[in-house]
Each structure stands twice: as C-alpha cells, then as structure tokens.
Amino acid sequence: MAGPHHHAVSGVADFEPAKKPKGNKLAITCSIFACMTSILNGYDTGVMSGAVIYIQRELKISETQVEVLMGILNLYSLIGSFAAGRTSDWLGRRYTVVIAGVIFFVGALLMGFATNYAFLMVGRFVAGIGVGFALMIAPVYTAEVAPALSRGFLASFPEVFINVGLLLGYVSNYAFSGLPMHLAWRMMLGVGAIPSAGLAIGILFMPESPRWLVIQGRLGEAKKVLNKICESKEEAQNRLSDIKEAAGIPQDCNDDIVQVTKRSHGEGIWKELFIHPTPSVRHVLIAALGIHFFEQACGMDSVVLYSPRIFAKAGISSESHQFLATIAVGLVKTTFILISTFLLDRVGRRPLLLGSVAAMTISLGSLATALTIINHSEKKQTWALVLCIVAVLSCVGSFSSGLGPITWVYTSEIFPLRLRALGASVGVAVNRTTSGIIAMTFISLYKAITIGGAFFLYAGIAMASWIFFYTILPETQGKTLEEMEGLFGKFNWRGSKGTKENKEVEGNVDGDDRIQLRNLSRQSSGVRVV
C-alpha cells in the first residue's frame with residue numbers, strides 16, 4: 001500500500017504543465033459560451049420595448065395586458081431558476097447551460113409564431129423558464145471555471161451579453177419597424193431563436209466545472225479540467241486542494257473516483273441556508289438577497305423596457321426617432337459594461353458598486369426633475385428634453401459600470417461551495433420577482449403619481465441601496481471562492497489588511513515565483529490563496 005508521500009507525488013504527477021496562454025483562452029471561451037444564454041434575455045428585454053407598440057395595436061390589448069406582457073417573463077423565470085439549481089447539482093453545470101439554450105430556442109419560436117395574446121403568453125412562459133436557467137447557471141459555471149485573479153472579469157460576462165442582447169433588440173426594433181405591422185413584431189421576437197442553437201451545440205465541447213466534478217467525487221476528471229484551464233501545474237494542484245478542502249474530501253485522497261456524502265448532491269442544503277445558518281452564511285445570504293433586490297428595485301427595468309414611452313413623454317413624437325434614441329441607450333449600456341469588466345479585478349467590487357449607485361441616484365433624480373418640468377409646462381422645453389436624454393443615458397451607463405455586473409459577479413462567488421447552486425437560484429428568484437413587479441407596475445405607477453414622481457421614488461430606493469451596500473458588503477477582490485466564507489459574519493466590510501498585502505506581493509512577481517510565495521504564505525499563516 002502506498003504511503004502518504006506516494007499519494008502526494010502522484011497527485012502532482014497527474015497535472016501536466018500547460019502553456020500559460022492556454023488556460024486563459026480556454027477559460028474565456030468557456031465563459032463566453034456559458035454566458036451567451038444571457039444574450040436572449042437581453043434581446044427579449046430590448047426588443048419587447050418596441051414590439052409591444054405593434055402588439056398592442058394589432059391584438060387590441062389593454063394597458064394592463066401590456067404591463068403583464070412586459071413583466072410576466074421575469075416571474076415565469078422563477079420556475080427556471082429553482083429548477084436550474086437542482087438540475088445543475090444533478091446533471092452538472094454544462095448540461096444545464098445546454099438545457100437553457102434549448103428552452104430559449106423553443107420560447108423564441110413560439111413568440112415569433114404567436115397568433116393571439118394567449119399564444120404569445122405561452123411563448124413568454126417557455127422563454128421565462130429559459131431566462132431563469134440562464135441567469136442562474138451562467139455566472140455559477142463561469143465563476144467555477146475562472147481563476148481567482150480574473151474571476152471578476154469573466155464572471156461579469158453574463159451582464160456583458162445581456163447588454164449586447166439589449167442593443168441587438170433595440171436595433172431589431174428599428175430594422176423591422178418598416179415591415180407591415182403583423183410581420184414587424186413577429187420578426188422582432190422570432191429572430192431571437194438564432195443564437196440559442198449554436199449555444200446548445202457549442203457548450204457540449206466545453207469542460208464541466210471542476211468544482212462540480214469534485215463534489216461528485218470525480219477527482220480524475222477534475223484534475224484533467226484544471227490542467228486545461230490553469231496556467232501551470234502548481235496552480236492546478238493548489239486549486240484542486242482548495243476545492244477538496246471546501247468539499248470535505250481528505251487531501252491525501254487522490255483516487256480518480258471517491259465516495260462522497262449525500263449532502264454533496266444537494267440534500268439538506270435548504271436547512272443549512274435558511275433554517276440553521278452560521279453567522280457567516282446568514283451574512284452571505286443577506287448580502288446576496290439584498291444586492292439582487294436593490295439591483296431591480298432601483299427601476300432600471302422601467303428605464304430599459306419603457307424607454308420609448310419615456311422619450312415620448314419627454315417630447316419625442318416620432319416612433320423612428322424614439323427607436324433611434326433607444327439604440328443610443330443600448331450603445332451606452334454596452335460600452336460601459338465592457339469598460340467595467342476590465343476594472344472589476346483592478347479597482348475592486350466595492351468602489352465600483354458604490355460609485356455606480358451614487359451616480360444612478362443623481363441620474364434618476366435629474367430624470368425625475370426634467371420629466372416633472374415637462375409635464376407641467378405648456379410649451380416644449382428643449383433643455384428639459386435634452387436633460388431627459390442625458391439623464392437616461394447617464395442612468396444606464398452608471399448601472400452598467402457597477403451595480404449591473406457586480407450583482408452577478410458578487411453573488412456567484414460569495415456562497416460556500418456546498419450552498420452555491422441553491423444560493424444562486426434564490427438570488428435569481430429575488431431578482432426576477434422584483435424585476436417583474438417593477439415592470440408590471442410602471443404604467444400604473446406613473447399614472448398614479450406622475451412619471452416624474454415614479455423616478456423620484458426610484459431615486460430614493462437607489463439612495464437606500466447605497467447605504468445597504470456600504471454597510472453590508474465586504475470587498476471580495478482577489479479572494480478565492482474557498483476563502484469567501486471567512487470574509488462574512490463579522491461585518492469587516494473594508495476588507496482585510498492581509499488581502500492588500502497579498503496583492504502588493506503578487507504585483508511584483510509572476511508565474512512560478514508567485515506560486516512559491518503563495519506556498520510560503522500557506523506554511524506561515526495557514527491561509528490558502530489561489
């Protein structure tokens with residue numbers, strides 16, 4: 001029987017050296033394919049803002065039915081988000097992404113071929129389940145594949161693709177607006193099926209999440225995946241060691257297949273997350289649910305879904321000009337989200353988040369002021385119209401530079417491994433419920449308290465969210481997924497001094513030297529850094 005030393009040597013031998021660029025390229029490719037499911041979520045949001053104008057005219061539906069049509073997809077997605085959590089624990093992260101792509105494809109086709117309001121709502125139901133699957137699994141898969149130092153960049157991809165889809169939806173509105181009414185909205189909605197077919201096929205060529213493989217006891221497969229996505233054999237070994245520790249697997253256990261407890265398959269997790277959470281898990285849960293709630297409660301869906309109405313209220317009467325203005329909204333959102341992806345792992349989560357929400361509060365207040373002035377003016381106020389447009393662009397840009405991407409990055413990385421899939425599902429449920437309520441009440445809200453009053457309300461909620469984020473959310477930049485639990489439970493939200501020191505050391509070394517320093521750090525402090 002081989003001794004412990006033999007197991008340790010064979011464990012290192014299982015990892016073959018990988019060329020440095022290879023890991024980064026494969027991790028990025030995996031993230032892109034996983035996050036492409038988010039394109040259709042964004043596309044549906046953007047295209048529906050214009051398509052609903054033609055749907056209302058042809059199908060003769062009421063304002064209440066418009067609100068339901070716009071927001072109900074988010075509530076339907078609750079089914080998908082909870083199903084995705086269990087599915088990803090049973091079948092794996094990769095096959096869950098495939099399921100999301102297939103559901104999206106079916107839902108988009110049903111909406112495109114809809115002949116009446118009821119048929120259209122069936123398509124919204126199917127597409128909503130796909131939205132729930134995609135929003136839950138894409139950030140989880142990406143976070144579990146990405147290395148710690150670039151996890152923020154890669155885990156922000158779902159929000160990047162949502163914004164790309166949003167822009168494509170706005171462009172589709174403008175491109176098909178010249179068709180006959182009965183064809184225009186059907187083409188707008190049906191075209192959304194195109195990307196999902198390639199997604200469902202492409203993801204099959206990507207590796208499974210190494211963390212999911214480990215908690216299934218499939219260490220041999222996890223080693224192969226880590227060897228492909230890591231920059232060196234030392235990094236692969238260190239990441240496997242940390243995942244095994246988080247999963248409760250002994251470090252000297254190096255067999256290709258090991259026995260795991262039933263708990264690793266998802267049973268009993270509800271009780272640990274909600275009934276008897278530890279102080280750190282309770283803090284994680286409050287932070288995750290809070291950031292998901294405030295992301296939507298600030299009213300961003302009202303700005304995005306109803307932007308043609310907002311521009312019409314501001315004084316833009318031409319539909320084509322309204323659609324062009326919404327394209328500007330999509331361009332600004334996409335540009336700022338791309339910029340933020342490069343800042344997440346350099347600036348950190350907290351500075352971007354707090355700056356983003358502060359700017360959103362000012363933008364929403366400015367939009368509310370301009371709309372109120374226009375609403376009470378008999379003459380056309382050109383300066384107020386310009387202020388409305390600038391405020392809308394500033395609002396969506398601020399959102400995309402921080403709160404939008406950080407919500408998904410943050411919640412995909414803070415839950416412990418054993419709770420991650422369920423935690424992500426619950427977060428998506430809160431997010432979609434809040435989004436659905438906002439989308440389905442905006443028209444009624446602005447008719448009750450004026451459109452300016454509605455945005456003053458959103459500005460107040462944004463201000464409250466800033467206080468919550470400042471108080472509750474710690475900095476997670478540079479921490480491994482296995483270290484996250486130690487950041488919570490003590491409200492040490494400024495981050496630890498040790499984290500900053502580690503970053504300074506890492507900034508002066510590269511490659512194997514960096515890994516040697518980390519190994520020395522383990523020996524002296526017992527803290528793992530990957």
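Helix H8 (residues 157–176) and helix H9 (residues 181–190) have axes that come within 9 Å and cross at roughly 155°. Helices here are DSSP runs of H or I, at least four residues, numbered from the N terminus. Axes are lines fitted to C-alpha atoms over the stretch in contact, with angles from 0 to 180 degrees between N-to-C directions. Angles over 145 degrees count as roughly antiparallel, so H8 and H9 are roughly antiparallel to each other. Their crossing is right-handed, meaning the near helix is turned clockwise from the far one by less than a right angle.

Ser 172, Asn 173 and Phe 176 of H8 meet Ala 184, Met 187 and Met 188 of H9. Contact means heavy atoms within 4.5 Å. By class, this contact has four nonpolar, two polar and no charged residues.

The model is predicted: local features need pLDDT of at least 70, side-chain atom pairs count only at pLDDT 80 or more, and totals for chains, interfaces and linings use all residues. Residues are numbered from 1 along each chain as its sequence is written, and side-chain values use heavy atoms, leaving out hydrogens and water.

Lys 333 lies in helix H18 (residues 319–347). Is Lys 333 buried or exposed? Its relative accessibility is 4%, so Lys 333 counts as buried (under 20% relative accessible area, 1.4 Å probe, protein chains only). Leaving aside residues up to four places away in sequence, Lys 333 touches Asn 163, Leu 166, Val 304, Val 396, Phe 399 and Ser 400.

The structure holds zero disulfides (pairs of cysteine sulfur atoms within 2.5 Å). For Cys 298, the closest cysteine sulfur is in Cys 395, 8.5 Å away and too far for a bond. Cys 298 is buried at 1% relative accessibility. Cys 230 is buried too, at 0%.

Definitions and conventions: Buried < 20%, exposed > 50% of the residue type's maximum accessible area, 1.4 Å probe, protein only. Helix = DSSP H or I, 4+ residues; strand = E, 2+ residues; numbered from the N terminus. Parallel < 35°, antiparallel > 145°, perpendicular 65-115°, else oblique. Nonpolar A, V, L, I, M, F, W, Y, C, P; charged D, E, K, R; others polar.
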